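Welcome! Let us take a walk through this structure together, one region at a time.

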Amino acid sequence: MKKIKIFDTTLRDGEQSPGCSMSLDEKVRFAKQLEKLNVDIIEAGFAASSEKDLKAIQEISKEIEKPIITSLARCNKDDIDKAYESLKFAKKKRIHVFIATSKIHMKDKLHMTKEEVLIKVRSMVRYAKSLCDDIEFSLEDATRTEKEFMVKVITTAIESGANVINIPDTVGYITPNEYRNIIDYIKNNVPNIDNIELSTHCHNDLGLAVANTLAGMEQGITQIECTVNGIGERAGNAALEEIVMALIVKSDYYKAKTDINIKEIINSSKILVDITGSFVQRNKPVVGDNAFRHEAGIHQHGVIQNKETYEIIDSSSLGLQDDNIIIGIHSGKHAIIEKMKKMNIDFDMKNIDDYVEIIKKYLEQNKRISDETFKQIIVNPKIKKLSSNSL
Ligand code: KIV
Ligand code: ZN
């Protein structure tokens with residue numbers, strides 16, 4: 001099993017997305033949770049973006065023992081100095097330097113030529129390396145960058161001291177096969193790539209962030225950048241929980257593992273929602289409310305007999321209790337019997353069809369039924385009577 005490093009950027013890429021900003025204390029609280037989750041690297045912020053971010057990175061650095069703390073910087077001296085300053089208390093530190101390399105970004109955003117970009121990469125990666133041993137270099141908008149130019153930029157960054165090269169799909173534009181081809185091209189054409197850690201950073205504009213990340217990993221990438229709940233710019237980043245669980249469920253296929261403490265996944269998701277107020281959709285894989293719930297009669301019948309009929313993730317491995325049978329309008333009698341048994345309700349089997357009918361009538365009007373109401377319906381003598389009169 002090869003080890004995949006998890007680089008969490010919830011506190012940087014995630015935090016900079018609309019509705020997800022955090023106070024200094026909240027950032028520290030979440031960083032501590034990331035340490036419990038056992039991520040390998042925490043991107044704690046972008047020091048040059050504000051004094052508050054710089055301070056937050058310093059406070060996080062004081063509190064965190066095990067993961068590497070990284071601080072983002074554009075390719076200029078001032079940003080790199082601030083990143084370095086923000087990391088002064090970190091036990092393990094990394095400066096993450098980036099510059100855009102696609103035609104559109106160089107022309108319309110940076111107003112720089114290719115040659116100017118290459119000069120910046122050489123001088124600024126060298127400068128960052130003079131301050132810090134561990135240097136990650138990212139080619140912003142890499143997936144829309146001309147391949148030959150990408151090779152030149154990466155070669156230059158490595159010559160100048162970068163030990164991690166990140167290939168971001170900044171605008172969520174790539175597909176898994178195309179991403180695989182890019183990684184292959186880099187591995188076959190960058191002469192000094194062998195001892196370099198390659199990294200993915202995929203955005204989710206087409207809903208492909210996790211698929212692209214896994215495709216990159218299949219091609220030999222060993223560091224994955226991701227966020228809890230998939231928060232991040234626009235449609236977000238690749239979701240940490242989805243990637244980690246994919247590697248577990250499909251371990252025979254990927255033959256790769258992370259060191260994530262999966263019992264902390266649900267907690268991390270909930271703490272993030274608590275801090276940001278940014279809710280997770282019910283049907284979100286792994287952490288959504290419905291991820292392990294069944295309402296349809298056929299599914300409930302299957303799950304009651306063997307969970308694996310409709311569940312590929314062992315929910316108890318995430319620390320979840322088995323209360324996954326939801327009594328709803330689509331439920332059948334198997335689920336209702338199971339629920340009565342679980343709740344230790346004394347019931348009469350010959351009335352089962354009536355219970356089902358009454359509960360369904362209730363649900364037609366109310367959509368959901370609480371355990372309390374469920375119990376009342378079954379045990380209430382009046383209802384029992386109505387039930388035996390076949391309402
Ligand atoms: O999406 C992106 O390209 C980024 C870089 C700064 C790594 O977030
Ligand atoms: Zn990003």
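We can begin with an open space: the second largest pocket holds about 430 Å³. Around it stand 26 lining residues, and those closest to the centre of this pocket are Asn229, Gly230, Ala235, Gln281 and Lys284. Helix α9 gives the largest share of this lining, three residues. Sorted by class, the lining of the second largest pocket has 13 nonpolar, ten polar and three charged residues. Do keep in mind along the way that this is a predicted model.

Now turn to the largest pocket, with about 610 Å³ of space. Its lining is made of 24 residues, and Arg293, Glu295, Ile325, Ile326 and Ile327 lie nearest the centre. Helices α14 (333–342) and α16 (371–379) each supply at least two residues of that lining, and α14 provides the largest share, four residues. By class, the lining of the largest pocket counts eight nonpolar, five polar and eleven charged residues.

Next, let us look at the interior. In soluble globular proteins, nonpolar side chains tend to be buried together. Here the largest nonpolar core has 92 residues, and the members touching the most others are Ile95, Phe137, Ile154, Ile165, Ile167 and Ile265. Setting aside neighbours within four places in sequence, Phe137 is in contact with a list of residues including Cys75, Val97, Ile99, Val121 and Val125. Also among its contacts are Val153, Ala157, Ala162, Val164, Ile165 and Asn166. A second, separate core of 18 residues includes Ile327, Ile336, Ile358 and Phe374.

Our last stop is a metal site. Which protein residues are donors of the zinc ion (ligand 2)? They are Asp13, through OD, and His201 and His203, each through NE2, at 2.0 to 2.1 Å from the zinc ion. Along the chain, these donors follow the spacing D-x187-H-x1-H. Asp13 lies in helix α1 (residues 10–14), while His203 sits in the loop between β8 (197–202) and α9 (209–218), so this pair ties together parts that are 190 residues apart in sequence. Are these two residues buried or exposed? Asp13 has a relative accessible area of 3% and is therefore buried, and His203, at 3% relative accessibility, counts as buried too.

Conventions. Residues are numbered from 1 along each chain as its sequence is written. Chains are lettered from A and ligands numbered from 1 in the order in which they are written. This is a predicted model: local features need pLDDT of at least 70, side-chain atom pairs count only at pLDDT 80 or more; totals for chains, interfaces and linings use all residues. Side-chain values use heavy atoms; hydrogens and water are left out. Donors are N, O and S atoms within 2.8 Å of the metal (3.2 Å for Na, K and Ca); water is not among the atoms, so sites may look incomplete. Buried means under 20% relative accessible area, exposed over 50%, partly exposed in between (1.4 Å probe, protein chains only). A nonpolar core is a set of buried Ala, Val, Leu, Ile, Met, Phe, Trp, Tyr and Cys residues joined through side-chain atoms within 4.5 Å. Contact means heavy atoms within 4.5 Å. On a 1 Å grid over the protein atoms alone, a cavity is a set of points where a 1.4 Å probe fits but cannot get out, and a pocket is an open set with protein on both sides within 12 Å along at least five of seven lines; lining residues have an atom within 4 Å of a point. Grid points are joined across faces, edges and corners, and a volume is the space filled by probe spheres set on the points. Ala, Val, Leu, Ile, Met, Phe, Trp, Tyr, Cys and Pro count as nonpolar, Asp, Glu, Lys and Arg as charged, and the others, Gly among them, as polar.
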